[in-house]
Amino acid sequence: RTLVELAASHAMTQAMEDGALEAPTDELASSPLLAYELAATYDHLHMSNILSVTPATYPGIAGPCVATTSADRRVVFTDVSSGQVVGVLETSTCADGRRLGHEAAVLDISAHPQHPAYVLTAGMDGRVVQWDLQHDRPVHEIRDHKRFVVRVVHSDDGRFMATAGYDKCIHIYAVEVRDKPVYTRLHTLMLPTNPEALLFVRGPATPGGVLTSDERSWLVYTVRDRAMLHYAALPAAGGAPDWTVFEYHTNADPNDLHTS
């Protein structure tokens, strides 16, 4: 089955490539798979592989930016309209002599939704680094993971933050805003295999319930080799007990454990 699906995937990829090269212009314009056109290319942002691209804001820049993380251990902010680099985050020495930042590839980035001048980055050095974009400098490190940190994400209301690592752990933090966002670890999910994706959503206090003013935040995550979406109940008044995890099969056939 895997070989058949792999062959079909290769065939579709080849067909799209052939169409992009040979199809007439009117066919390209009418194809929903080829509806995008190249608007700009930003060159020379990094010295090595770009590992993530995220919409971003940057202090002093009115328009949208993108933040790119890379194997060169840097984060670059680029003004979308001009293509100009407006900020670079890299390891530096603080006034007290501490050296903060990443010593390995940077894999992900997340800004606090209400205080976007502060961002968190996740790296292959097992660190989560907090940065002050007003000065492009690291201000704090979280070292709760023992291996690669592959995901970092904030909830939309700014109350929670979560990180996923290849030490088979997801850490969930409460966020308190003082002079900057401060993170306190609330709970750790120990997993059977490595986590791959994280997402905060809002929903009813109990699965299947009706949305009311008592809705709560849920952390949705996936793990390698499992065809499941996992929903972890974050602290709330009432409803399902805090930290209860509910699983939902993503395949129509509950006996089908094939994953992609």
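The structure is a predicted model, in which local features need pLDDT of at least 70 and side-chain atom pairs count only at pLDDT 80 or more, while totals for chains, interfaces and linings use all residues. Residues are numbered from 1 along each chain as its sequence is written, and side-chain values use heavy atoms, leaving out hydrogens and water.

Side chains of opposite charge can pair when their charged atoms come close. With a salt bridge taken as a side-chain nitrogen of Lys or Arg within 4 Å of a carboxyl oxygen of Asp or Glu, the whole structure holds 15 of them. Arg216 forms one with Asp242, and their closest N and O atoms are 2.9 Å apart. Arg216 sits in strand β16 (residues 216-223) and Asp242 in the loop between β17 (228-233) and β18, so this pair ties together parts that are 26 residues apart in sequence. Strands here are DSSP runs of E with at least two residues, and helices are runs of H or I with at least four, numbered from the N terminus. Asp242 is partly exposed, at 35% relative accessibility.

Salt bridges that share partners also join Asp125, Arg127, Glu141 and Arg143 into one network. Asp125 counts as partly exposed at 23% relative accessibility, whereas Arg127 counts as buried at 13%. Another salt bridge links Arg178 to Glu176, with 3.1 Å between the closest N and O atoms. Here Arg178 is exposed, at 53% relative accessibility, and Glu176 is partly exposed, at 42%.

Attention now turns to strand β11. Of its 6 residues, 5 are buried, so β11 is largely enclosed by the rest of the structure. Two strands pair if DSSP finds at least two bridges between them; β11 and strand β12 (residues 160-165) run antiparallel and are joined by 5 bridges. In this pairing, Val149 stands opposite Gly165 of β12. The two strands form a hairpin with 5 residues between them, and Gly158 in the turn has a positive phi of about 75 degrees.

Rolling a probe the size of a water molecule over the atoms shows where empty space is left. The largest pocket has a volume of about 290 Å³. Among its 18 lining residues, Thr54, Pro55, Ile109, Ser110 and Ala111 are the closest to its centre. A pocket is an open set of points on a 1 Å grid over the protein atoms alone, where a 1.4 Å probe fits, with protein on both sides within 12 Å along at least five of seven lines; lining residues have an atom within 4 Å of a point. The volume is the space filled by probe spheres set on the points, which are joined across faces, edges and corners. Strands β1 (50-56), β7 (106-111) and β11 (149-154) each supply at least two residues of the lining, and β7 gives the most, with 4 residues.

Finally, Thr259 lies in the segment after β18 (245-249) and is partly exposed, with a relative accessible area of 27%. Thr259 and Arg226 are 33 residues apart in sequence, yet 6.2 Å apart in space, C-alpha to C-alpha.

Definitions and conventions:
Buried < 20%, exposed > 50% of the residue type's maximum accessible area, 1.4 Å probe, protein only.
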